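Here is a short walk through one structure, with its helices, core and a few selected residues as stops along the way. Keep the viewer open as you read.

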Amino acid sequence: MGEAAASVPALIPGLGIKTDRPRLNQGADLTVHRLTPTDGFVLSRVDGYSSYEEICQMSGMNVQDALEILRRLKREGLILGPGEAQPPVS
């Protein structure tokens, strides 16, 4: 797992700094998203305390695959980066 951490770039395009700690969007309706089991597993590691780098390590996946899932989760509004306001629940 040490190699996975070393290969996470310091600045991750589409996400931010590797030490940023994403959190779940509590207002997101997961039932409208088509998450694969792998997507769901990575999403389950997002806790607001673990950094992008740590999530990649915990996933046990290829770093680039884990980062692509995290980018997709962010694009779809399921996770929020530091400083991003929680959208109002609609």
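## An exposed alanine

Beyond its neighbours up to four places away in sequence, Ala-10 touches Gly-16, Ile-17 and Lys-18. This is a predicted model, and in it Ala-10 sits in the loop between helix H1 (2–6) and strand E1 (11–12). Is Ala-10 buried or exposed? Its relative accessibility is 54%, so Ala-10 counts as exposed, the cut-off being over 50%.

Now look across to Glu-53, which is 43 residues from Ala-10 along the chain. The C-alpha atoms of Ala-10 and Glu-53 are separated by 9.1 Å.

## The nonpolar core

The largest nonpolar core has 17 residues, and those that touch the most other members are Cys-56, Leu-67, Leu-70 and Leu-73. Two or more residues come from each of helix H2 (37–44), helix H3 (52–59) and helix H4 (63–75). Which helix gives the most to this core? That is H4, with 6 residues. As background, nonpolar side chains in soluble globular proteins tend to be buried together.

Setting aside neighbours within four places in sequence, Cys-56 is in contact with Val-8, Met-61, Val-63, Ala-66, Leu-67 and Leu-70.

## H3 against H4

A pair of packed helices is described by the angle between their axes and the distance between the axes. For H3 and H4, the angle is about 120° and the axes are 9 Å apart. H3 is therefore oblique to H4, and the crossing in which H3 passes H4 is right-handed.

On the H3 side, the contact is made by Tyr-52, Ile-55, Cys-56 and Ser-59, while H4 brings Val-63, Ala-66, Leu-67, Leu-70 and Lys-74. What is the make-up of the contact of H3 with H4? Its residues divide into 7 nonpolar, 1 polar and 1 charged.

## H2 against H4

H4 also meets H2: their axes come within 10 Å and cross at roughly 80°. That angle makes H2 roughly perpendicular to H4. From H2, the residues that meet H4 are Thr-38, Asp-39, Val-42 and Leu-43, and their partners in H4 are Ile-69, Leu-70, Arg-72 and Leu-73. The contact of H2 with H4 divides into 5 nonpolar, 1 polar and 2 charged residues.

## Two aspartates

Asp-39 is found in helix H2. Is Asp-39 buried or exposed? With a relative accessible area of 4%, Asp-39 is buried. Not counting residues up to four places away in sequence, Asp-39 touches Arg-34, Ile-69, Arg-72 and Leu-73.

Asp-65 lies in helix H4 and is partly exposed, with a relative accessible area of 44%. Between Asp-65 and Leu-15 there are 14 Å in space, C-alpha to C-alpha, and the two are 50 residues apart in sequence.

## Buried residues in the loops

Pro-22 lies in the loop between strand E2 (16–17) and strand E3 (23–24). With a relative accessible area of 0%, Pro-22 is buried. Leaving aside neighbours within four places in sequence, the contacts of Pro-22 are Val-46, Asp-47, Gly-48, Ser-50, Ser-51, Tyr-52, Ile-55, Ile-79 and Leu-80. Pro-22 and Leu-35, 13 residues apart in sequence, are 18 Å apart in space, C-alpha to C-alpha.

Ser-50 lies in the loop between H2 and H3, and it is buried, with a relative accessible area of 9%. Which residues does Ser-50 touch, not counting residues up to four places away in sequence? They are Asp-20, Arg-21, Pro-22, Arg-45, Ile-55 and Met-58.

Leu-78 has its place in the loop between H4 and strand E4 (79–80). Its relative accessibility is 2%, so Leu-78 counts as buried. Apart from neighbours within four places in sequence, Leu-78 is in contact with Arg-23, Leu-24, Asn-25, Ala-28, Leu-30, His-33, Leu-35, Leu-43 and Leu-73.

One last distance is worth a look. Leu-78 and Val-46 are 32 residues apart along the chain, and their C-alpha atoms are separated by 10.0 Å.

Methods: Residues are numbered from 1 along each chain as its sequence is written. This is a predicted model: local features need pLDDT of at least 70, side-chain atom pairs count only at pLDDT 80 or more; totals for chains, interfaces and linings use all residues. Side-chain values use heavy atoms; hydrogens and water are left out. A nonpolar core is a set of buried Ala, Val, Leu, Ile, Met, Phe, Trp, Tyr and Cys residues joined through side-chain atoms within 4.5 Å. Buried means under 20% relative accessible area, exposed over 50%, partly exposed in between (1.4 Å probe, protein chains only). Helices (H or I, at least four residues) and strands (E, at least two) are DSSP runs, numbered from the N terminus. Contact means heavy atoms within 4.5 Å. Axes are lines fitted to C-alpha atoms, for helices over the stretch in contact, and angles run from 0 to 180 degrees between N-to-C directions. Angles under 35 degrees count as roughly parallel, over 145 as roughly antiparallel, 65 to 115 as roughly perpendicular and the rest as oblique. A crossing is left-handed if the near helix is turned anticlockwise from the far one by less than a right angle, and right-handed if clockwise. Ala, Val, Leu, Ile, Met, Phe, Trp, Tyr, Cys and Pro count as nonpolar, Asp, Glu, Lys and Arg as charged, and the others, Gly among them, as polar.
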